[in-house]
Amino acid sequence: ITEGMTVQVLNGTTVGGVDQTMADRLEGLGFQVVNVVPAAINYTETTVLWSYAESEDAATRLAERFGWQVKPKPDNLSTQVALHIVVGADET
């Protein structure tokens, strides 16, 4: 599920560094992490947001593997990456 899947990791918590920890974890799984940034809002649960139909299956499978939420990305996030992983408080 990692082939061709570019990822942006967002820190949806008030805890510093959890986004980079997640980025390292995802890279270890074979994902291409292209950006690590703060999220606009805090999340209680880590959420995988897919950008387009071709990345929905990878998002769903990744979320199921780790017990995360999955949904289509909101309009304010880029379509330049396949997946957006928002680290929630559940991963801190």
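Which residues of H2 are buried? I found Ser55, Ala58, Ala59, Leu62 and Ala63, taking buried as under 20% relative accessible area, exposed as over 50% and partly exposed as in between (1.4 Å probe, protein chains only). They cover an arc of only 130° around the axis, so they sit on the same side of H2; the arc is that of the directions from the helix axis to the C-beta atoms.

A note on the ground rules. This is a predicted model, so I kept in mind that local features need pLDDT of at least 70 and side-chain atom pairs count only at pLDDT 80 or more, while totals for chains, interfaces and linings use all residues. Residues are numbered from 1 along each chain as its sequence is written, and side-chain values use heavy atoms, with hydrogens and water left out.

**Entry: more on H2**

I looked up the length next. H2 has 14 residues and reaches 21 Å from its first C-alpha to its last, close to the 20 Å expected at 1.5 Å a residue (1.5 Å times one less than the number of residues). Helices (H or I, at least four residues) and strands (E, at least two) are DSSP runs, numbered from the N terminus.

What do the buried residues of H2 pack against? I noted H1, strand S3 (47-50), strand S4 (69-72) and S5, with contact meaning heavy atoms within 4.5 Å. On the other side of H2, Ala53 and Glu64 are exposed. After H2 comes Gly67, and its phi is positive, near 75°.

**Entry: salt bridges**

How many salt bridges does a search of the whole structure find? I got two, each being a side-chain nitrogen of Lys or Arg within 4 Å of a carboxyl oxygen of Asp or Glu.

One joins Glu91 to Arg25, with the closest N and O atoms 2.9 Å apart. Glu91 lies in the segment after strand S5 (83-87) and Arg25 in helix H1 (residues 18-29), so this pair ties together parts that are 66 residues apart in sequence. Glu91 is partly exposed at 29% relative accessibility, and Arg25 is partly exposed at 33%.
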